[in-house]
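Hi,

Here is the structure I promised to pass on. Have a look at it first, and then read my notes below.

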Amino acid sequence: MQINTPFFKQRAHDALHDENLQTALAKLKTGFPEKRAIAVERMPEFEALRNQGRDLKNHIMEHLDLYLEQFETKVIENGGHVHWARTAEDANQIILDICQQVDAKTVTKGKSMVTEEIGLNDFLEQNGVQPVETDLGEYILQLRQDHPSHIIAPAIHLNLEDVSEAFHAHHNRPKSSDPAVLMQEAREVLREKFVAADVGITGANFCVAETGSTIIVTNEGNGDLTQTLPKTHIVVTSIEKVVPTLEDMTLFLRLLARSATGQEFSVYNTLSTGPRREGDQDGPENFHVVLVDNGRSEMIGTEFQEMLRCIRCSACMNHCPVYGAVGGHSYGWVYPGPMGSVLTPQMIGIEQGGMLPNASTFCGKCESVCPVKIPLPKLMRHWREDEFQKHLQPKAARYGLASWAFLVKRPALYRCFTRLSNWLMRSWAGKKGRLSKLPLASGWTDWRDMPAPQSQTFMQAWKQQQKTGDRS
Amino acid sequence: MSHTSSGPRVGLFVTCLADMFRPSVAFATVQLLEQAGCRVEVPERQTCCGQPAFNSGDRQTTADIARQTLDAFDGYEYVVAPSGSCIGMLHQYSDLFDVSDPYFQRAKSLAARAHEITSFLFDVLGSSALEAQLKQLRFEQKVTYHDSCAGLRELGIKQQPRQLLSHIQGVELEEMDEAETCCGFGGTFCVKYPEVSNRMVSNKSHNISNTDAQTLLGGDLGCLLNMAGKLKREGKPIEARHVVEVLAGMTDTPAIGEADYYRAKQL
Ligand code: SF4
C-alpha cells in the first residue's frame, strides 16, 4: 500500500472538512465506546482479566519461539503446512506459490489486516490471481479501490450513498439505497464467488499452540464460507498471535469482543484445525498457515515489545480524540489510531512514519481502555526519542526546544526571561486581558485567543511579599 | 492560620504556567496549604517540570531539569503543585535515571512526596482539614468541571475537587458531556497540529456551552488557557478559572483571559 503518512497534516485538514466523514466519525465516537462501557460495567472482573491478558501476553513474548514451534509441530501433525515469512515480500511470494500450485484463478478472502499490511491483493492481481474480499466492508472498499480506515470496521468512513453507488457501478442491477436490498445484493453476488473460488484466504485472531488451531472471529459468517468451500485454505497471520492453550484463547476472546464492539461474544468464532479429515462433512483439502514476521521479531527485547501484546480490538482508536477528529485515512498507511502510531514507524521506518507518534496529546485514554494495557503514549514517546536522536524533527522545533532548555536550566536567567515576556505580553494585550495575535504562536492564535498574564510573574510578586511581609 | 505553624513543611512547585500567566493560582494554592496548617516555601531554583523536553523526546534535557528540580525540592515533607500534569511529570522522573544513579532513589522519594493540590488536600490531609473554611465561602455560580487528562488518568483525580467544591455555599455543579475527553492542548501538540487541536477544543467549547454553567473550572492551567482562549474567541460569555481560586475564595480577580476591569478603570 502506498505510504501517505508524511502527509498526515494535509490529510487531516481534508478530513476535518469532509462532512460525510465527520458524520460517520460522530457516530463512531458514541457507538463503540458506549457499548464497550456497558459491557465492561456488566463484568466486574474485567479489570482482573485485563491484568491476566497483559501478563499472559508478556509470558508468550518471552517464549515466543517455543510456542511458535509447538504450534508448527501441531499444524503439521494435523496434516497442514506452516510457512515462515520474514518480510512482506516473502509472505506474498509464498501465498502466490500456493495459489499457482493449485492453479487458482480466484481466491476469496476473509477480513485480514495482515494481508493489508503486506499488500497481498495488489500482488496477487499483478500475478494473475483475482482476490475477492468477502467481508462486506472490505468488499465495498475493494469495489471502490479504497482501503480500510479502521481495523474492525473498515468502511466506517463511507455512507449509504457511497455503497449504493459502488454496487450500482459494479453489479449491473437497479440502483437501491435500501440497506436490506443492498445486503441481499451483496450476498447473492458473493455467493457465486464463494463457490467459484479455488483458494480461501483468512487471517487469524489467535493461533493455538497446543492444538495447532487458528481462530477467526467475525460477525458476518463470511469467514466460514471463505475457509470451508475452496479446496485450499491459507491462513495469513503474524507471529505474535500465538497463544499456548485453548483456555488462554478464551481469555482473549472475552477481552476482544467486549473491547471491540461491546459484545459479550462475537457472533462467529470459527476454529480451523488442519485440513478435512476422513469422515468430515466439509473443510479444505489443503491447509496452510503463513506466519508473517515483517519487523515484529525486531521489536522483541526493545521498549516496543509491549506492542506485540496487541490483539487488534480497535478500542484505542475508538476512544482516541485525534482519530475521532480526523479518521483512519489521515494516518496514511494500514494501521490508524494510537496502535498505528506505534506500529507504523516500526514497519515503514520512523523517517516516514514520524508524523504519527507526534500526533497525540498523550491524553492516555487509549491506554486506559486497552484490554492488554499497552502503554501507548509511552511507546509513542519512545518514537519521539528515536526521532530526536536522529535529528529528524523540524529545525524550528529543535532550535525552539534547545533555546527553551537553555533558559530552563538556568533559573536566574529564566526569571529575567519570564519577567520580560510577561511584561511584553501584558503590554500588547493592554486592557483587554488577552491577545488575538502573538508572534511565533500563530498555531495558537489562529484559532483561539491567548489569555494575557494577569500581573507580574508569581516569582516576582512572591519575592516582594516575602520582603515586605505583606500577605494580603 | 499563619505560615509559622508547626504543620508539615511543603515546597510549592509553582509550575511555569502559573508563574507566567496566573500568579493568583499559586497564591491561592499557598493560602489553601496554609489554611490546612502547612508551612509553605517556594524554592528559588525551580523552573519548569521538563515536560516539553520529555514529550519532545529529549531525555537528556529532561534528566537535567529533573536533577535541578530534585535539588530544589530536597528535604520538603511534601511537594505540591496546582497541576496534575506537572505532578504527573515529577512522578516519572525515576524513569530517567539508571537505578545505580543516586538521583534514581531521590526521584522515587520525590514521587512519593509530590501531590496535586486538590488531591493533597483531600487524600493526604483528609477532607475535614479545610471543611470549616470552605463552608464559610460563598460562590453563587453554576459551574462545570473539566477533568484534565494527566490528573484524571495518571493521578486518579476526579472526585477530590468536586468534593471540596461541594462545601462552598452557592456552587452548583453541572457536568458537561465528555468531561473526561482531552481538550486538545497537549503542550506543543496545539501548535504542532493546530487544526486537529482546534477541532478538539471546539468540541470542548461546544460541550461546555451546552450546560448552563457560567464558569468553567479545572485543575490545570494549560487546559484552562486553551479552553478560555477558545471560549473568548467564540465570543462565549463563560468564564474560566482554576479550581483553587474558588476554593481559596480568590474570585475577585478577573477570570482567565478576561479584561482587568479594575486596571481598566484606573487607566
Ligand atoms: S493497542 Fe490495545 S486497544 Fe489498541 S487495538 Fe491493540 S489491543 Fe486494542
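Which residue stands opposite A:Val235 of β7(A)? It is A:Thr202. Before the rest, some ground rules: this is a predicted model, in which local features need pLDDT of at least 70 and side-chain atom pairs count only at pLDDT 80 or more, while totals for chains, interfaces and linings use all residues. Residues are numbered from 1 along each chain as its sequence is written, chains are lettered from A and ligands numbered from 1 in the order in which they are written, and side-chain values use heavy atoms, with hydrogens and water left out.

Back to β7(A). Helices (H or I, at least four residues) and strands (E, at least two) are DSSP runs, numbered from the N terminus. Strand β7 of chain A covers residues 232-238, and seven of its seven residues are buried, so it is largely enclosed by the rest of the structure. Buried here means under 20% relative accessible area, exposed over 50%, and partly exposed in between (1.4 Å probe, protein chains only). A:Thr232, A:Ile234, A:Val236 and A:Ser238 point one way, while A:His233, A:Val235 and A:Thr237 point the other way.

Two strands count as paired if DSSP finds at least two bridges between them. In β10(A), A:Val289 is the bridge partner of A:Val235.

Chain B has an open sheet of four strands in the order β6-β5-β7-β8, with parallel pairing. Its edge strands, β6 (172-173) and β8 (239-242), each pair on one side only. Four bridges join β7(B) to β8(B), and B:Leu217 has B:Arg241 in β8(B) as its bridge partner.

Now the cores. A nonpolar core is a set of buried Ala, Val, Leu, Ile, Met, Phe, Trp, Tyr and Cys residues joined through side-chain atoms within 4.5 Å. The largest has 88 residues, and A:Met307 and A:Val326 have the most contacts inside it. Helix α12 (residues 246-260) of chain A gives the most to this core, with seven residues. Apart from it lies another core of 68 residues, including B:Met20 and B:Leu221.

Then there is the interface: 68 residues of chain A are in contact (heavy atoms within 4.5 Å) with 73 residues of chain B. The two chains bury about 6100 Å² between them, 59% of it on carbon and sulfur atoms. Buried area is the accessible area (1.4 Å probe) that two parts lose on being put together, summed over both. A:Trp447, A:Gln454 and A:Phe458 supply 13% of the area that chain A buries against chain B, more than any other three residues.

The count of salt bridges between the chains is six, each a side-chain nitrogen of Lys or Arg within 4 Å of a carboxyl oxygen of Asp or Glu. One example joins A:Glu385 and B:Arg59, with the closest N and O atoms 3.0 Å apart.

B:Gln92 is buried, with a relative accessible area of 19%. Not counting residues up to four places away in sequence, B:Gln92 touches A:Arg381, B:Phe54 and B:Glu154.

Cheers
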